[in-house]
Amino acid sequence: MLPPSTRITNSKVPRVATWEPVLENQLPPPSQVSVDLVDKLERLALVDFRNEEGLACLEKAIRFADQLHVVDTDGIDPMDSVLEERALYLREDAVAEGDCAEELLQLSKNTVEEYFVAPPGNIPLPKREERC
Amino acid sequence: MAGSSAGMTALLCKMNKQIAIFYPTITSHQRHSWCVIRRICTSVSRCQSQAQTKSAPQELVGVVGLEIHAQIHSNTKLFSGSQVGFQAPPNSLVSFFDASLPGTLPVLNRRCVEAAVMTGLALNCTINRKSLFDRKHYFYADLPAGYQITQQRLPIAVDGTLTYSHLGGRKRNTVVTKSVRIKQIQLEQDSGKSLHDDYRSQTLIDLNRAGVGLMELVMEPDMSCGEEAAAAVREIQLILQALGTCQGNMAEGQLRVDANVSVHRPGDPWGIRTEVKNINSARNLARAIDYEIQRQMVVLESGGTVQNETRSFDGKTGHTIPMRDKEGLQDYRFMPEPNLPPLMVYESCSTAPPGVAPSQVVVLEEVRERLPELPSVRRQRLVETYGILPEHSFTLVNEDGLMDYFEAVARETKAGPRKVIGWVMNELQGLLHQQNLSVSQSPISPQALAQLLNLQENGQISSSVAKQVFQELWKTPGKTAQQIVKEQDLGMVNDSTEIHRICQKVVDSHPDQVQAIRGGNKKVLNKLMGLVQKETKGRADPVLIRAILEEKTS
């Protein structure tokens, strides 16, 4: 037991857990993830998750997010971030950075005469059939 | 113009029928290529004739909307303190944020906000007191972060109008004013530059341009042809240059225009549109749009469908070619930018939050006060101050430096502004265009022209001699008008006895013409005048000569 002087007074953390589990019947019906959608997501995010584990993970994640539907949000504007009431800082238009080409180029394995090197254009992802 | 195109249409229709008679095996597709010729002939007149003639009920018309990206003229980039520069050593103007190294955050540049607000006010937009930043995700090597910070949900300015004019009418000397609605103006980041090295199958990336502030002006598709679009872009260039928010040089990439082109029949819903990119001048914009409208019309008329795609304009051939890189519809996965709270602008100092430093607030009242004279106001002022025609005022403001030239001459000469306009528009512009020079490269300075006009006003030289001297001054810019007049003895012949003598000589040696004049044919007098002018080498006052000749032949 901690000595009284080190105990934090006025803590916002409750002494006892107040977590209420959300029951299955409170959630909306589970959404299906179609093969087309998986293909589109792979194409956009360039992440391979076509296997069983990947799909199961995706469905669990969607189910977890479905818990948000329990909250009543009628007539309330959505928030973007918890800091959106802060004032946006405006910087003066004076040069303060840059001129570090050498440092930046050292980060890349492949450079040519102070340019970064990338593959030509966008190599299109092969079609679904070819990838499986 | 409408009449002649109808005539041409009738002629080609006749040709079509004859082809069908004489070459019955030609397929309808091949005959349609003849239809293309008809269309190309009439497309240029279409813009103008649409207003005049009632077009046949099922004519296809073009629908053009523009997306303009204007690079903000500021010292530093939109979200980082690295310098904005052109043609600097590769990757030397790049900060850690621009290279999207982990742990860096965007910090908004105040100058860019003011530039966007000023542009919005100049284009009669409603400035959103609160605007939001979003991320637009796509993968490309010149976008190191994998997303671009833009304003998709709530841009800084919406609902404006751009009023532009172009010279139309049959002789292209009537000012035709149109307007196009501005859907929104938003702040966004520029991407880096990629140099394609097809030989070694790689792309070289220079991030100097990555992160530079851009104002994207989205226009509603209110235009219908290339000429209108080019005029609108020229007006935008003039406005942005007057405001100082963008230098508007299309060749250097400070102003980039993409056109969305489709065709449809008036009254029908809009057709499928294509996006045309890679346009680097206003003239190429007009060419690209006109070509694309033509191409889509041909596709539709031969029964095909227009694909919703992105096409690139090839300046050499004047054609648009599909761009290989775009695969289907892009999903940009827009999400709010979590590192930037909403951007607030305030109407006046009183509505700004108290206790905040002035450098931290953008106040609309102050920006409005700082708005300089816009081109449309300038044109009006020229018409009112100098009493010149609107067409002339339009050309003066449109050509770089011409207005300053005109005002300089008008200040220093006692000739009236209308006379000066005549000289500037005809003589000066004529030679500049012929030799493809800009006003700043003119060998005749405004002072030299003013001196020449003064000589004419003083009666020291005649009007035809003045024109001769102008040509001479162009070739030998070192000399003054006075010198040339003296050297070539071009001073006005004022001796009336001399003029009488010459007139009498001409009258005596052309009895037939004199007879014709006495018989009622007054036009022959001009021929006699020409002869007298030749004798005097143009140095006599034409009005005086005419009076004397008329007297002698009455």
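**Chain A, then chain B**

Guide: The accessible surface of chain A comes to about 11,400 Å², and 58% of that belongs to carbon and sulfur atoms. Such areas come from the Shrake-Rupley method with a 1.4 Å probe, and for residues only the protein chains shown count as cover. This is a predicted model, where local features need pLDDT of at least 70 and side-chain atom pairs count only at pLDDT 80 or more, while totals for chains, interfaces and linings use all residues. Residues are numbered from 1 along each chain as its sequence is written, chains are lettered from A and ligands numbered from 1 in the order in which they are written, and side-chain values use heavy atoms, with hydrogens and water left out.

Visitor: OK, and what does the secondary structure of chain A come to?

Guide: Four helices and three strands. Starting at the N terminus, chain A's elements go α-α-β-α-β-β-α. Helices (H or I, at least four residues) and strands (E, at least two) are DSSP runs, numbered from the N terminus.

Visitor: How many of the residues of chain A count as buried?

Guide: Of its 132 residues, 17% do. Buried means under 20% relative accessible area, exposed over 50%, and partly exposed in between (1.4 Å probe, protein chains only).

Visitor: Now chain B. How many helices and strands are there?

Guide: Chain B has 17 helices and 17 strands. Of its 554 residues, 48% are buried. The accessible surface of chain B is about 27,000 Å², with 52% belonging to carbon and sulfur atoms.

Visitor: Which helices should I look at? I'm curious how H9(B) and H11(B) meet; what angle do they cross at?

Guide: Roughly 40°, with the axes of H9(B) (residues 402–412) and H11(B) coming within 8 Å. Axes are lines fitted to C-alpha atoms, for helices over the stretch in contact, and angles run from 0 to 180 degrees between N-to-C directions.

Visitor: And what do you call that?

Guide: The two helices, H9(B) and H11(B), are therefore oblique to each other. Angles under 35 degrees count as roughly parallel, over 145 as roughly antiparallel, 65 to 115 as roughly perpendicular, and the rest as oblique.

Visitor: Which residues make the contact?

Guide: From H9(B), Tyr405(B), Ala408(B), Val409(B) and Glu412(B); from H11(B), Pro446(B), Gln447(B), Leu449(B), Ala450(B), Leu453(B) and Asn454(B). Contact means heavy atoms within 4.5 Å.

Visitor: Switching topic: where is Glu399(B)?

Guide: Glu399(B) sits in the loop between H8 (390–398) and H9 of chain B. Glu399(B) is partly exposed, at 30% relative accessible area. Setting aside neighbours within four places in sequence, Glu399(B) is in contact with Gln429(B) and His433(B). Glu399(B) and Val439(B) are 40 residues apart in sequence, yet 8.0 Å apart in space, C-alpha to C-alpha.

Visitor: What's up with the phi of Asn91(B)?

Guide: That phi is near 60°, a positive value in a residue other than glycine. Most residues other than glycine have a negative phi. Asn436(B) has a positive phi too, near 55°.

Visitor: Is Asn91(B) buried or exposed? And what about Asn436(B), buried or exposed?

Guide: Asn91(B) is buried, with a relative accessible area of 0%, whereas Asn436(B) is exposed at 70%. Asn91(B) lies in the loop between strands E1 (61–71) and E2 (108–109) of chain B. Asn436(B) is in the loop between helices H10 (417–434) and H11 (446–457) of chain B.
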